[in-house]
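Hi,

Here is the structure I said I would pass on. Have a look first, and then read my notes below.

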Amino acid sequence: MEPWIRIKKCPIFSCVYMLVHAVPVVLAFESEFFSILADFVKACKGSGRGLPSELISALIPMIVDAVLVTSKTQFDNPWSAENTFKKLEASGILAECLRCLTV
């Protein structure tokens, strides 16, 4: 199966499309969605090296990218990149995203 077909079948993939809109991004931060997602990524040990699988490692940076772009372009009062990174770092997803980039 082609890698992109596998990615599109993963339930987390729908989060990428959801997070290109302002309201879901705000709700995700308010509901601790990113903290839960970070805990999920920490629990994934698909590669045998204590790192998430290639599938999860491809999706998490896509989600973080969608949040960064949305927070800069879709909000009535756009967040600065620094503010967005602080929020992502506080939730733990930024560290997990960086970990995923090493897979």
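Let me start with Phe 13, which counts as buried because its relative accessibility is 8% (buried means under 20% relative accessible area, exposed over 50%, partly exposed in between, with a 1.4 Å probe and protein chains only). Tyr 17, on the other hand, is exposed, with a relative accessible area of 52%. Both sit in helix α2, four residues apart, about one turn of the helix.

Before I go on: this is a predicted model, where local features need pLDDT of at least 70 and side-chain atom pairs count only at pLDDT 80 or more, while totals for chains, interfaces and linings use all residues. Residues are numbered from 1 along each chain as its sequence is written, and side-chain values use heavy atoms, with hydrogens and water left out.

Back to the rings. Phe, Tyr and Trp rings (for Trp, the six-membered one) pair if their centres lie within 6.5 Å; planes under 30 degrees apart are called stacked, over 60 edge-to-face, and the rest tilted. That rule gives five aromatic pairs. One of them is Phe 13 with Tyr 17, edge-to-face at 5.2 Å centre to centre and 85° between the planes. Phe 29 and Phe 34 make a tilted pair, because their planes are at 50°, with the ring centres 4.7 Å apart. Phe 29 is buried at 18% relative accessibility, and Phe 34 is buried at 1%. Both belong to one aromatic cluster together with Phe 33, Phe 75 and Trp 79.

A charge sits over a ring if NZ of Lys or CZ of Arg is within 6 Å of the ring centre and within 35 degrees of the ring normal. Lys 87 lies over the face of Trp 79, at 4.8 Å from the ring centre, and over the face of Phe 29, at 5.9 Å.

Now the overall picture. The chain has seven helices and zero strands (DSSP runs numbered from the N terminus, H or I of at least four residues for helices, E of at least two for strands). Of its 103 residues, 41% count as buried. Taking contact as heavy atoms within 4.5 Å, 68% of the contacts between residues at least 6 apart in sequence join residues at least 24 apart.

What holds the inside together on the nonpolar side? The largest nonpolar core has 31 residues, a core being a set of buried Ala, Val, Leu, Ile, Met, Phe, Trp, Tyr and Cys residues joined through side-chain atoms within 4.5 Å. Those with the most contacts inside this core are Leu 19, Phe 34, Ile 60, Ile 63, Leu 88 and Ile 93. Helices α2, α3, α4, α5 and α7 each supply at least two of its residues, and α5 gives the most, with nine.

Leaving out residues up to four places away in sequence, its contacts include Leu 19, Val 25, Ile 63, Val 67 and Ser 91. Beyond its neighbours within four places, Ser 91 is in contact with Phe 34, Ser 35 and Ala 38. Ser 91 and Ile 36 are 55 residues apart in sequence and 8.4 Å apart in space, C-alpha to C-alpha.

Cheers
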